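Let's take a friendly walk through a protein model together. Have the sequence and the 3D view ready, and look up each residue as it comes along.

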Amino acid sequence: MNALKVKKMPNLPDASRPVTRMIETRQPAQISKTPRMQVIDLHAWFGKTEVLKGISMSIASRGSTAIIGPSGCGKSTFIRCLNRMHEVVRGARADGKVLLDGLDVYSPGVNPVRLREMVGMVFQKPNPFPMMSIRQNVLAGLKLQRIKRSDEDELVERVLRQAALWDEVKDILSRGGTTLSGGQQQRLCIARALALEPEVLLMDEPCSALDPIATGRIEELILELKSAYTIVIVTHNMQQAARVGDRTAFFCLGQLIEYNDTATIFTKPLNRQTEDYVTGRFG
Amino acid sequence: MTSKCENSEARLRRPRPLEERVVSHVLGACAVLCVATTAGIIAVLLTQSVAFFKGVSLWQFLCDTQWTPLFTDKHFGIWALVCGTLLTSVIALAVAVPLGLLGAVYLSEYASQTVRHFLKPAVEVLAGIPTVIYGYFALTFITPILQKIVPGLAGFNALGSGVVMGIMILPIIASLSEDAIHAVPSSLREGAYALGGGKFAAIRRVVLPTSFSGIAAAVIIGMSRAVGETMIVAIAAGQQPRFTLDPRVPIETMTAYIVQVSMGDTPTGTLEYHTIFAVGMMLFIVTMTLNIASYYLRKRMTRGAAT
Ligand SMILES: Nc1ncnc2c1ncn2[C@@H]1O[C@H](COP(=O)(O)OP(=O)(O)O)[C@@H](O)[C@H]1O
Ligand SMILES: [Mg+2]
């Protein structure tokens with residue numbers, strides 16, 4: 001996996017470029033033939049404020065999709081709609097279709113609690129449960145769902161290895177989850193999500209509270225996990241999107257502006273706004 | 001430029017306004033007064049207790065099972081009073097902890113904003129009712145009802161006063177527990193939901209364990225209020241010190257005994273008179289211990305919420 005560097009981007013044309021290239025592509029081309037998730041005309045509100053104004057995009061099975069865009073444009077809201085975490089907030093509402101393997105997760109009869117088992121989530125600020133040990137944190141999802149497993153020890157080791165945390169914590173599994181460093185806590189939260197063997201893993205700026213070294217480790221981890229999982233990662237860091245995203249979606253003011261292969265988004269974006277944003281000319 | 005510099009120098013040199021200095025001194029004096037009062041109370045308790053223990057051995061105080069200092073056959077077994085206090089407090093907690101905790105969980109996790117808005121002050125009104133009213137409520141309302149259910153329940157008893165005391169401390173326990181539950185960061189709730197936890201599972205596995213020290217502090221404060229409560233037990237529990245854990249018979253608590261002696265015609269300076277300070281000392285030690293425990297638990301709570 002050759003990570004793409006924003007620095008290596010060819011010289012981008014300035015404002016004098018042809019108008020034809022500015023044509024907006026609101027409805028992105030179907031990128032994958034077998035989308036894992038498909039979002040159709042998704043709207044979301046906080047009270048009376050509409051923060052997502054009709055998003056349609058498909059998320060391919062396996063691999064990673066990066067979501068970039070200026071702060072407050074609805075990136076978090078978007079991924080929180082994918083596992084119905086948005087509606088947990090008082091006064092928040094969503095409308096539209098989100099298909100997971102063809103089934104609309106907003107259709108009546110879908111239990112959001114069961115959905116969240118299948119679509120895991122890692123938050124911006126690491127949030128291990130403070131009264132639980134490292135081991136208990138990993139098993140928290142099973143405990144919350146009253147699932148009993150006889151192979152808990154193997155499970156704990158396997159997901160902590162997957163999260164690249166095993167070597168650091170294997171001797172201190174009974175220590176409190178919040179005694180770890182920020183980066184370790186975030187990897188613990190990733191392990192905790194992986195323990196439920198989710199179909200899709202959503203990550204909302206998972207590195208924004210971490211230092212560069214911890215960030216590097218999480219990025220490596222994402223690069224490894226994306227061969228086995230479908231990952232959607234929100235990031236405000238464009239280098240990060242370029243490094244870990246197979247595809248990148250650019251959001252602005254509650255709308256999907258452009259969605260394409262990461263290389264295309266960063267080197268020859270079709271949309272003027274995207275170009276301004278990825279080159280850092282955006283306000 | 002220069003004028004600007006002079007200006008800022010003048011501003012830097014301006015003395016602290018008079019009111020600032022006065023306020024800080026007045027507030028300091030108040031703080032000293034509080035500490036001095038407490039110290040004074042402890043000093044009185046100590047000197048008078050010492051006078052008591054000159055007449056009665058510590059051995060008698062701690063090992064006798066009867067408390068009859070006002071009779072001709074005098075016994076000074078403090079446990080008879082401690083039993084009364086324990087019994088009524090435990091009954092009060094048995095009523096107030098489950099109800100208070102359920103109420104707190106409902107208020108902070110399930111109630112809509114409007115319901116919460118009305119219910120929380122309403123619960124706190126309970127705390128403003130004078131305890132003498134609770135006392136007559138226990139004697140004339142709760143006890144007659146309980147007598148229909150519990151066979152052999154005396155007119156004055158620990159059960160009725162304990163239940164009413166539970167109602168009295170319910171608002172404190174509910175309100176403080178609600179604060180503790182409310183202080184659990186929503187990121188932890190969301191973390192639980194994101195792991196496929198239902199609402200109740202999240203409360204049971206994450207919210208309640210995280211707020212445990214705060215809830216424990218609330219329970220201890222409630223207990224310390226129950227231990228120190230006087231009026232209800234003086235009115236409704238009877239005034240018969242008894243070394244028993246039977247909730248149906250008349251008993252006497254430490255506080256009720258102090259009231260009994262203070263209101264009687266016991267001459268000052270006598271051994272009988274000194275008993276109330278010994279009992280007071282005992283009471284002080286118990287409530288002090290509970291308050292310190294609660295203080296440390298709450299400190300742990302705020303630290304837990306910060307990380
Ligand atoms: N809990 C909330 N209540 C009301 N408005 C919110 C809430 N959370 C976010 N918003 C608003 O919704 C918009 C989108 O927010 P968000 O999805 O968090 O943006 P991003 O993650 O892209 O920074 C912002 O304008 C923000 O102010
Ligand atoms: Mg966000």
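## A salt bridge in chain A

Start with Arg158(A) and Glu197(A), which form a salt bridge whose closest N and O atoms are 3.1 Å apart. Arg158(A) belongs to helix 5 (residues 152-162) of chain A, while Glu197(A) sits in the loop between helix 7 and strand 7 of chain A, so the pair ties together parts that are 39 residues apart in sequence. Keep in mind that this is a predicted model.

How accessible are the two partners? Arg158(A) is partly exposed, with a relative accessible area of 38%, and Glu197(A) is partly exposed too, at 42%. Salt bridges that share partners also build a network, made of Arg135(A), Lys143(A), Glu152(A) and Asp153(A).

Over all chains, the structure holds 23 salt bridges. One of them pairs Arg36(A) with Glu199(A), with 2.8 Å between the closest N and O atoms. Arg36(A) lies in strand 1 (residues 35-46) of chain A and Glu199(A) in the loop between helix 7 (182-194) and strand 7 (200-204), so this pair links parts that are 163 residues apart in sequence. Arg36(A) is buried because its relative accessible area is 17%, under the 20% cut-off. Glu199(A), at 27%, counts as partly exposed.

Which residue of chain A does Glu190(B) pair with? The partner is Arg80(A), and the closest N and O atoms are 2.8 Å apart.

## A buried loop residue

Now find Thr235(A), in the loop between strand 8 (230-234) and helix 9 (238-244) of chain A. Its relative accessibility is 1%, so Thr235(A) counts as buried. The C-alpha atoms of Thr235(A) and Ala66(A) are separated by 7.0 Å, although the two residues are 169 residues apart along the chain.

## Over to chain B

In chain B, the axes of helix 6 (residues 131-149) and helix 7 (residues 158-182) come within 8 Å and cross at roughly 130°. That angle makes helix 6 of chain B oblique to helix 7 of chain B. The crossing of these two helices is right-handed.

Phe200(B) is found in helix 9 (residues 199-210) of chain B, and at 53% relative accessibility Phe200(B) counts as exposed.

Terms used:
Residues are numbered from 1 along each chain as its sequence is written. Chains are lettered from A and ligands numbered from 1 in the order in which they are written. This is a predicted model: local features need pLDDT of at least 70, side-chain atom pairs count only at pLDDT 80 or more; totals for chains, interfaces and linings use all residues. Side-chain values use heavy atoms; hydrogens and water are left out. Helices (H or I, at least four residues) and strands (E, at least two) are DSSP runs, numbered from the N terminus. Buried means under 20% relative accessible area, exposed over 50%, partly exposed in between (1.4 Å probe, protein chains only). Axes are lines fitted to C-alpha atoms, for helices over the stretch in contact, and angles run from 0 to 180 degrees between N-to-C directions. Angles under 35 degrees count as roughly parallel, over 145 as roughly antiparallel, 65 to 115 as roughly perpendicular and the rest as oblique. A crossing is left-handed if the near helix is turned anticlockwise from the far one by less than a right angle, and right-handed if clockwise. A salt bridge is a side-chain nitrogen of Lys or Arg within 4 Å of a carboxyl oxygen of Asp or Glu.
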